[in-house]
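Visitor: I would like to learn how to read strands and helix packing from a model. Could you take me through some features?

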Amino acid sequence: MTAPRRHNRMTNANRFKLGLFATNCSGGLCLTKAPERWDPSWANNRKAAQMADAAGLEFLLPIARWKGYGGETDTEGASFETLNWASAILAATENIVAFGTVHVPMIHPIFAAKQIVTADHVGEGRFGLNVVSGGNAPEFRMFGVELLEHDARYVFSEEWLQIAKQVWESDQPFDFKGKFFDLKGVISKPKPWGGSRPLLMSAGSSKAGRAFASRHADCLFMAIIKDDNLAAELKSLRAEAGGRDVGVYASGHMVCRATQKEAEEYYHYVVYEMGDWAGAEQLLEVRVNQQSLPVEELKKVKERVVSGTGTFPVIGSADQCAQTFKRLCDAGLDGMALGLVNYIDELPFIQAELLPRMRRLGLRA
Amino acid sequence: MIRNTRMSNANRYKLGLFGFNCSSGLAMTKVPERWDASWENCIAAARLAEAVGFEFALPVARWQGYGGETDSEGSAFETLAWATGILGATEQLVAFGTLHVPLIHPIFAAKVCVTADHIGQGRFGLNVVSGWNAGEFEMFGLPLREHDERYAFTEEWVAILKQLWEGPTPFDFKGRYFDLKGVRGDPKPWGGSRPLLMSAGSSKAGRAFAVKHVDCLFMTIVVDFDRLGAEVAAMRAAAGRTIGVYASGHVVCRPSQKEAQDYHHYFVHEMGDWAAFEATVKGREQQHSTPKEQLRPLAARLMGGLGTFPIIGSPDHVAGLFKRMHDAGLEGSAIGFVNYLDELPYFAAEVLPRMARLGLRAPAPVAA
């Protein structure tokens with residue numbers, strides 16, 4: 001039996017959903033030395049979450065990071081663990097959905113399943129899980145955990161997720177014997193909040209990653225390198241899911257200002273005057289062996305690594321940003337998780353100027 | 001560096017709320033008022049404990065219940081995510097997380113703890129558990145180590161945790177159980193100190209580990225108070241440094257001794273979940289942490305409060321027992337109630353003022 005879909009902001013009627021991405025990490029998504037770069041103190045995390053909640057944003061997506069990207073700023077080098085972060089964020093907010101992000105080889109599925117249920121009860125059903133199969137090699141070496149060959153990772157994730165789902169749904173003890181796990185008499189209570197299970201998200205870009213996501217996840221996160229072929233790409237992604245109702249989201253970073261000129265100037269300042277290009281080099285080096293992102297493509301747009309760790313840039317006036325989201329929405333995208341240089345400083349302008357324009361374009365209520 | 005929290009306040013006998021993240025708390029009983037460990041109730045109990053001046057909240061890390069009719073502790077929140085939520089909802093209470101160390105990687109755990117610690121601005125503590133119930137271990141599919149060897153594993157685990165928190169980092173670690181390269185992690189714990197570490201072993205190896213590595217030791221009071229004093233003194237001598245020694249207990253406090261005893265009789269003997277008791281005896285025998293011959297005579301204690309010390313009686317009697325524990329050298333107790341929310345107000349109104357008069361606690365909550 002499969003638990004029913006649950007209702008929270010992630011299932012509201014807004015055609016293009018928005019989330020804040022990576023507030024739990026130092027620098028957020030931006031490799032910059034600009035003094036206003038993101039300080040992920042708990043006070044700042046809570047404030048940004050409460051502002052996003054009040055502004056009607058749908059979700060908060062953290063990054064599970066165990067080591068930073070070095071360079072001058074060691075961007076993402078200081079970060080909160082995402083399941084516990086989500087638990088407290090949910091306690092401090094009312095309606096917004098908070099995800100936790102788990103590298104599945106680093107935590108036992110039964111342990112994770114109970115942590116997730118705890119966060120889910122704290123948030124009364126507003127918790128979601130982002131399932132990550134691979135990761136950065138230096139992080140795995142630090143854990144002394146073998147980074148499996150790329151496709152085998154997804155076999156491991158299949159078992160892991162199957163166990164977690166069964167833990168959530170089964171009222172009777174069950175045994176599990178797979179290639180990676182041999183478990184006896186597994187039972188766990190309480191069950192997730194309200195007779196349904198947390199939203200599952202997955203973000204693989206490789207073929208195996210997408211296949212895993214299209215089988216299991218309620219929402220897929222994709223990286224947009226170029227958006228000229230996006231509609232066709234989204235169509236094939238949805239086709240892979242074979243008629244399952246999956247949401248497709250992308251990661252991005254935004255500089256939204258009163259005019260295009262202001263936005264471009266600030267972007268130039270953050271990236272070219274204050275950018276941590278040594279950090280960008282290191283990030284690319286780490287990702288070379290990861291096979292989940294097209295590194296050659298990323299190298300061509302290295303500035304995009306500096307401005308937003310390779311995510312899709314949304315830079316411009318409020319009108320332009322709204323139009324960009326309209327274009328993405330028309331191509332079939334359901335929403336975007338956004339990094340900002342400083343979430344607290346920039347959210348008020350987004351709420352005051354960007355959201356009303358998106359409303360007028362029919363993207364959001 | 002000693003942290004400035006309620007755990008370091010001037011109260012001579014500290015109090016904590018124990019086990020309220022678990023269904024039925026510490027009791028194996030069918031009474032309808034047994035504890036419902038909903039998140040709403042957890043938050044309400046934590047806030048109430050904080051308001052009346054309790055120093056800490058201590059959860060029990062349970063992965064399976066005790067079976068029987070009520071499956072006592074069968075529904076439980078994971079303690080780190082629970083502590084994180086509790087810390088986010090309180091101002092001064094210290095909240096512990098409890099980890100069975102073989103179940104989670106120390107680097108993962110270190111970051112989880114730091115997250116909770118920042119959210120609580122230094123009010124997080126970690127209870128380190130080396131062993132566990134056999135059924136829970138099988139559920140995780142992990143190798144069961146021989147009893148004393150568990151502590152060798154825990155030693156490595158705690159060494160990694162402490163170095164991640166206190167530096168120097170990055171570091172490599174090569175031990176018998178872990179082989180780690182380039183270990184680092186930021187942020188560090190809150191405010192340039194580290195979370196309190198606690199452990200609760202009652203075996204010889206468990207106590208040897210505790211006196212060497214942790215800040216507070218939780219013991220089970222099995223014997224009389226005279227022997228307790230000698231035991232506590234021996235532990236402190238073995239530690240050769242400042243170490244807090246606490247005990248766990250379960251409280252039934254009513255206006256008269258008779259009322260308290262009647263209620264205890266009701267929830268344990270009339271309404272006790274004896275099927276759960278049988279299952280527990282079986283589990284603990286396999287676990288070897290409590291000698292077999294000690295278990296059956298302690299049936300009422302197991303049913304009433306999972307083997308913790310029974311504190312049953314009038315407010316005078318209860319306060320008097322805390323005084324005797326204090327005089328034997330203990331610094332505080334973590335206590336359970338059949339229903340934390342129903343019983344805490346009476347305890348606060350009647351027992352706490354008596355403890356103040358006995359010089360054990362200040363009359364009002366003490367911050368730090």
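Guide: Gladly, and keep in mind that this is a predicted model. Let us begin with a strand. In a regular strand the side chains alternate between the two faces of the sheet. Here, strand E5 (residues 174-177) of chain A has A:Phe174 and A:Phe176 on its covered face, while A:Asp175 and A:Lys177 are on the uncovered one.

Visitor: In which sense do E5(A) and strand E6 (residues 182-186) of chain A pair, and over how many bridges?

Guide: They pair in the antiparallel sense, over three bridges. Four residues lie between E5(A) and E6(A), and the two strands form a hairpin. Across the pairing, A:Val186 in E6(A) is opposite A:Phe174, a residue of the covered face of E5(A).

Visitor: Now for helices. How should I describe a packed pair?

Guide: Two packed helices are described by the angle between their axes and the distance between the axes. In chain B, helix H1 (residues 39-51) and helix H2 (residues 79-89) have axes that come within 10 Å and cross at roughly 50°. H1(B) is therefore oblique to H2(B), and the crossing is right-handed.

Visitor: Which residues of H1(B) and H2(B) meet?

Guide: From H1(B) come B:Trp39, B:Cys42, B:Ile43, B:Ala46 and B:Arg47; from H2(B), B:Trp82, B:Gly85, B:Ile86 and B:Ala89. By class, this contact has seven nonpolar residues, one polar and one charged.

Visitor: Is A:Leu90 buried or exposed?

Guide: A:Leu90, in helix H2 (residues 82-91) of chain A, is buried, with a relative accessible area of 1%. Beyond its neighbours within four places in sequence, its contacts include A:Ile96, A:Val122 and A:Phe127.

Methods
Residues numbered from 1 in each chain as written. Chains lettered and ligands numbered in written order. Predicted model: local features only at pLDDT ≥ 70, side-chain atom pairs only at ≥ 80, totals over all residues. Heavy atoms only, no water. Axes fitted to C-alpha atoms, helices over the stretch in contact; angles between N-to-C directions. Parallel < 35°, antiparallel > 145°, perpendicular 65-115°, else oblique. Left-handed = near helix turned anticlockwise from the far one by under 90°. Contact = heavy atoms within 4.5 Å. Nonpolar A, V, L, I, M, F, W, Y, C, P; charged D, E, K, R; others polar. Buried < 20%, exposed > 50% of the residue type's maximum accessible area, 1.4 Å probe, protein only. Pairing = 2+ DSSP bridges.
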